[in-house]
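This report goes through a single protein chain, from an annotated position to its rings, its core and its backbone. The sequence and the coordinates come before the discussion.

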Amino acid sequence: MNILQIVSGGIAAYKAIDLSSSLVKKGHNVKVVLTSNAQKFVTELPFQTLTKNRVYTDTFIELNENEIQHIDLVKWADKIIVAPTTANILSKFANGIADDLATSLMLAVKDFSKVYIVPAMNTAMYENPIIQENIAKLSKLGFNFIEPDSGLLACGDIGQGKFPQTEKILAELFNNDKKELLGKRVLITAGPTKEFIDPFRCLTNPSSGKMGIAIANEVAKRGGEVILVTGVGIKESHENIKVKKIVSTQDMYEVVKENYKDCDIIIKAAAVSDYTPVEVFDKKVKKQTDDLAIQFKRTPDILKYIGEHKKENQIVVGFAAETNDLIDYAKEKIKKKNLDYIVANDISKQGIGFGSDDNEVYIITKNGNIKKVEKTTKENIAKELLDTII
């Protein structure tokens with residue numbers, strides 16, 4: 001495997017030498033990029049000696065006139081690992097800054113799932129809300145993060161931010177190579193639907209689609225082919241995610257009916273509207289002196305339809321967003337909709353759920369087993385859900 005190793009300028013840069021050595025010993029072809037700050041801690045020579053490849057240090061030093069370094073290195077690499085990742089370079093990645101070779105080549109990456117970030121910094125820096133926001137931003141784009149260890153840091157503090165052991169990095173770097181969902185097709189619905197009253201007004205909800213998108217990204221990382229049905233405007237970050245754009249619940253129903261039969265897993269994470277106007281006005285309804293009454297009718301029950309028509313080998317997962325009697329309602333929904341799993345969350349709690357990057361959920365099986373996932377990112381919940389299903 002071709003692995004591009006980026007070393008940024010932290011005290012842990014010397015540990016990147018051992019990582020290069022271990023990768024080479026496992027038979028991988030490794031090329032190294034040293035940032036200018038990294039070169040204040042380590043030199044090119046040990047990396048060049050271990051990898052038997054030239055070391056790249058500057059955007060403007062083109063070592064091969066037939067290549068454009070920051071483009072060709074990305075095309076060459078099967079995986080890219082940034083170890084150590086300082087707060088500085090992490091923030092540059094998150095904000096599209098390209099002022100050296102390492103940051104320029106990151107902007108040329110199309111599939112972010114092949115990038116692995118290994119943060120290493122002081123605990124206060126790692127826990128800084130700006131850094132955590134940048135980590136969340138990159139995670140949502142598909143970047144992989146290998147969490148730093150806790151312990152005695154170079155500055156003398158004790159806490160999280162320590163460069164992980166090489167064995168841990170290697171384990172996580174190649175964990176996704178299992179590709180448990182290779183050859184599987186997964187249909188996922190995400191985000192809200194919109195039921196228009198007139199060209200100007202619609203009935204909808206605050207769902208952002210973040211949960212469904214996180215699941216789609218995780219399925220793609222594990223080798224699955226994804227059909228993502230959503231009205232949320234997103235850019236496809238994985239080549240094996242195909243987005244089907246919809247607006248209304250009826251739109252989603254038609255797309256799901258058309259595609260679910262050929263899928264192994266159906267995960268309905270969308271927050272659909274239960275009602276739609278009986279009459280849709282073709283012109284904006286003007287303000288009146290009297291009250292306005294609009295008649296609504298039921299929309300199609302997409303999850304119930306899937307449950308009633310699913311094949312014997314298909315797995316169907318629903319979501320239950322409730323404000324009270326969460327577990328009881330979720331268990332009842334499993335039976336009524338003929339589901340295999342349901343993910344239940346309390347939307348009345350502050351700081352989680354709709355629009356948030358985090359959530360706290362219960363994953364419940366049709367046999368009544370309950371697994372609580374404490375408050376964490378939606379990316380982590382997606383991992384927990386797929387681990388449970390698989």
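## The annotated cysteine and the other cysteines

In this predicted model, Cys155 counts as exposed because its relative accessibility is 51%, a value that stands against a cut-off of over 50% for that class. Cys155 is found in the loop that runs between strand 7 (149-152) and strand 8 (158-162). The UniProt record, an unreviewed entry, lists Cys155 under "active site", and annotations of this kind may be inferred rather than shown by experiment.

Two further cysteines fall into other accessibility classes: Cys202 is partly exposed, with a relative accessible area of 30%, whereas Cys263 is buried, with a relative accessible area of 3%. A disulfide is a covalent bond between the sulfur atoms of two cysteines. The count of disulfides in the model comes to 0.

## Overall architecture

The protein has 13 helices and 20 strands, and its C-alpha atoms fill a box of roughly 75 × 50 × 40 Å when this is taken along the principal axes. Of its 390 residues, 51% count as buried. Among the contacts between residues at least 6 apart in sequence, 65% join residues that are at least 24 apart.

Ile6 belongs to strand 1 (residues 2-7) and is buried, with a relative accessible area of 0%. Once its neighbours within four places in sequence are left aside, Ile6 is in contact with Val33, Ile80, Ile81, Val82, Ala83, Pro84, Ile89, Ala102, Leu105 and Met106.

Pro84 itself lies in strand 4.

## The buried side of helix 8

Which residues of helix 8 (residues 166-173) are buried? They are Thr166, Ile169, Leu170 and Leu173. These residues cover an arc of only 95 degrees around the axis, which puts them on the same side of helix 8. An α-helix has 3.6 residues a turn, so residues three or four places apart point the same way.

The elements that cover the buried residues of helix 8 include strand 1, helix 1, strand 4 (79-85) and strand 5. From helix 1 (residues 15-25) comes Ser22, which touches Thr166 and Leu170, not counting residues up to four places away in sequence. Ser22 is buried, with a relative accessible area of 17%.

## Aromatic pairs and charges over rings

The count of aromatic pairs comes to 3. One of them joins Phe112 and Phe143, whose rings are stacked at 4.7 Å centre to centre with 20 degrees between the planes. Phe112 lies in the loop between helix 5 (101-106) and strand 5 (115-119), and Phe143 in the loop between helix 7 (129-141) and strand 6 (144-145), so this pair ties together parts that are 31 residues apart in sequence. Phe112 and Phe143 are both buried. For Tyr260 and Tyr305, the ring centres are 6.0 Å apart and the planes stand at 80 degrees, so that pair is edge-to-face. Tyr260 lies in the loop between helix 10 (249-259) and strand 14 (265-268) and Tyr305 in helix 11 (residues 302-309), so the pair ties together parts that are 45 residues apart in sequence. Tyr260 and Tyr305 are also both buried, and together with Tyr253 they form one aromatic cluster.

Charged side chains sit over two further rings: Lys31 lies over the face of Trp76, at 4.5 Å from the ring centre, and Arg298 lies over the face of Tyr275, at 5.7 Å from the ring centre.

## Positive phi outside glycine

Lys52 has a phi near 60 degrees, a positive value in a residue other than glycine. Lys52 is found in the loop between helix 2 (44-51) and strand 3 (55-56), where it is exposed, with a relative accessible area of 67%.

Asp325 is likewise a residue other than glycine with a positive phi, here near 50 degrees. Its place is in the loop between strand 17 (315-322) and helix 12 (326-337), and at 55% relative accessibility Asp325 counts as exposed.

Terms used: Residues numbered from 1 in each chain as written. Predicted model: local features only at pLDDT ≥ 70, side-chain atom pairs only at ≥ 80, totals over all residues. Heavy atoms only, no water. Helix = DSSP H or I, 4+ residues; strand = E, 2+ residues; numbered from the N terminus. Buried < 20%, exposed > 50% of the residue type's maximum accessible area, 1.4 Å probe, protein only. Contact = heavy atoms within 4.5 Å. Disulfide = S-S within 2.5 Å. Phe/Tyr/Trp six-rings, centres within 6.5 Å; stacked < 30°, edge-to-face > 60°. Lys NZ or Arg CZ within 6 Å of the ring centre and 35° of its normal. Arc of directions from axis to C-beta.
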